[in-house]
Amino acid sequence: MASLCVFCGANPGNDPAIIERATELGRSIAEHGHRLVYGGGRVGLMGTVADAALSAGGEVAGFIPQALYDREVAHTGLTDLIVTDSMHTRKQAMCDESDGMIALPGGYGTLDEVIEILTWNQIGTIAKPVVFLDVNGYFDSLFRFFDECVDAGLIMPAHRAMAQRASTVADALAIATGPAPSSPSKWTDPSVR
């Protein structure tokens, strides 16, 4: 059984296909015997993923900072709800508890979380697979930006490869439970100087 972290929006978004994909992902994580790790909210896509996993008999661990817990947005029906002292502590705890990461569409918070995980992979702090589960081209512009960063010489191609992309839940699960792409250390590998 793998523990899979899902980063996603605290809003549901306007595209019903995103909600359907979030539901399918939560259900599939549980049906494959994996544990869902996520941000602990009951609202938006976060609540959708968690509820789908729970409805399918899955184990769900939510990590929520005290400030959000105090605003009553925590999902109190989870297998485990861990209250952290800050957003940063939440990200670290979610990473520590996970074998792979999946990003669904989301806003600033989702991007903050998944980009930090990619950064930790890049500098060698962790080695965990990261996959963006795309819905209707939501991540097209982000992946164009990543490619432009490579073209500009600001992201190495090997580090760009750490941001993987899937268009189906099955592919996302396969990537998230697979090996992390190998990545040369930005500072310790003499071939990157």
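These legends go with several close-up views of a predicted model.

View 1. Count along the open sheet and you'll find 7 strands, lined up as β4-β3-β2-β1-β5-β6-β7 with parallel pairing. The strands at the edges are β4 (80-84) and β7 (163-166); each has a single partner strand, so one side of each is left without a neighbour in the sheet. Going from one strand to the next, the twist averages 25 degrees.

**View 2. Where β1 meets β5.** Here β1 (residues 3-7) runs parallel to β5 (residues 100-103), and 4 bridges join the two. Look for C5, which stands opposite M101 in β5. Then find F7, whose bridge partner in β5 is A103.

**View 3. Over to β6 on the other pairing of β5.** β5 also runs parallel to β6, this time joined by 3 bridges. A103 turns up again here, standing opposite F132 in β6.

**View 4. The two faces of β5.** In a regular strand, side chains alternate between the two faces of the sheet. So what about β5: are G100, I102, M101 and A103 buried or exposed? They are all buried, with G100 and I102 on one side and M101 and A103 on the other, and both faces of β5 are covered.

**View 5. Helices lying across the strands.** Helix α5 (residues 108-122) lies across β1, β5, β6 (130-133) and β7, and runs at about 150 degrees to β6. Together, β5, α5 and β6 make a right-handed β-α-β unit. Helix α6 (residues 140-151) lies across β6 and β7, running at about 150 degrees to β7.

Notes:
Residues are numbered from 1 along each chain as its sequence is written. This is a predicted model: local features need pLDDT of at least 70, side-chain atom pairs count only at pLDDT 80 or more; totals for chains, interfaces and linings use all residues. Side-chain values use heavy atoms; hydrogens and water are left out. Two strands pair if DSSP finds at least two bridges between them. Axes are lines fitted to C-alpha atoms, for helices over the stretch in contact, and angles run from 0 to 180 degrees between N-to-C directions. Contact means heavy atoms within 4.5 Å. Buried means under 20% relative accessible area, exposed over 50%, partly exposed in between (1.4 Å probe, protein chains only). A crossover is right-handed if, with the strands pointing away from the viewer, the path from the first strand over the helix to the second runs clockwise.
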